[in-house]
Amino acid sequence: MEGKKSEFIATSVPNDGQKRKLTRYYLFSPFLRIYHWIMAITITILFGTGLVITTPMSLSGEFVSYNGWFLSLGFIRYLHFLCAFILTAALGLRIYGYIINKGDRLLPHMFNTKFWDDLAEVMMHYCLIKYSHKEFLRNPMARLSYLAIYVLIIIEVFTGYAMYFQMEPNSFMATLFGWQILFDGEMLLHVIHHLAAWAIFLLAAVHIYMVIRADFMEREGEASSMFSGTKVLAEVPDDIEDITDKHGRVIKG
């Protein structure tokens, strides 16, 4: 992939009256964008169907009807398991995108003190202690939340498959995941699976709020970046090294 200059697109005039040029940075590869939307859709379906499976009651207080196929608990369980398999497969797509595209960073720089300093600065901004923070392609708070979601998804995969494959307890997959039941017991796995699902839901809600907030306050194209793969910034981002080659040139897709 050839290193190229970042793309200058326009100038902006913020409230202080000083002109700044806007630069578009290519950040998210198609692999990451596809994974993002697969994850968003499947997690939404998994959370909704999971609530029905754990409490299979309709609004009228009766059990979900088995007469209509699309309303049956059997279909809801099938949809839940199907989305679980799709989400698991999509994780492989995410890892592949990270390998071939430098901007698709999988893990934050957690062993670098600068990461924690930047995280403190961003958190102070969101707590209204600081008026602004440095420009980032992806700020440390977002990077840490992505890591938390990946960890929670892995917990969901292991606990969910441990319970699912017990339908055939002698199968290879039951052996691969079933050790958790021997160690913790199936009831505890249900509780962990349920709590992790709610944690993902809360993180997703905060993520949506932060994206909308960033679009209104920073106007960096945060919401559209998962469609276009690019972000628009008025200053050189502090984490520009994530998308530069060894010569310091910005890599574009």
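Let me start with Lys134, which at 31% relative accessibility counts as partly exposed, and please keep in mind that what we are looking at is a predicted model. Lys134 forms a salt bridge with Glu121, with the closest N and O atoms 4.0 Å apart, and this pair links distant parts of the chain, since Lys134 sits in the loop between α3 and α4 while Glu121 is in helix α3, 13 residues away. Glu121 itself is buried, at a relative accessible area of 13%.

The side chain of Lys134 also meets that of Asp118 in a salt bridge, at 2.7 Å from N to O, and here the two residues are 16 apart, with Asp118 again in helix α3. Asp118 has a relative accessible area of 6%, so it counts as buried, and its side chain meets Lys114 in a salt bridge, 2.7 Å from N to O. Lys114 and Asp118 both lie in helix α3, residues 113–126, four residues apart, or about one turn of the helix. A search of the whole structure finds three salt bridges.

Turning to the helix packing, the axes of α2 and α4, the latter being residues 140–164, come within 11 Å and cross at roughly 135 degrees, which makes α2 oblique to α4, and that crossing is left-handed. Helix α4 also packs with α6, residues 186–217, at about 150 degrees with the axes 9 Å apart, so α4 is roughly antiparallel to α6.

Conventions:
Residues are numbered from 1 along each chain as its sequence is written. This is a predicted model: local features need pLDDT of at least 70, side-chain atom pairs count only at pLDDT 80 or more; totals for chains, interfaces and linings use all residues. Side-chain values use heavy atoms; hydrogens and water are left out. Axes are lines fitted to C-alpha atoms, for helices over the stretch in contact, and angles run from 0 to 180 degrees between N-to-C directions. Angles under 35 degrees count as roughly parallel, over 145 as roughly antiparallel, 65 to 115 as roughly perpendicular and the rest as oblique. A crossing is left-handed if the near helix is turned anticlockwise from the far one by less than a right angle, and right-handed if clockwise. Buried means under 20% relative accessible area, exposed over 50%, partly exposed in between (1.4 Å probe, protein chains only).
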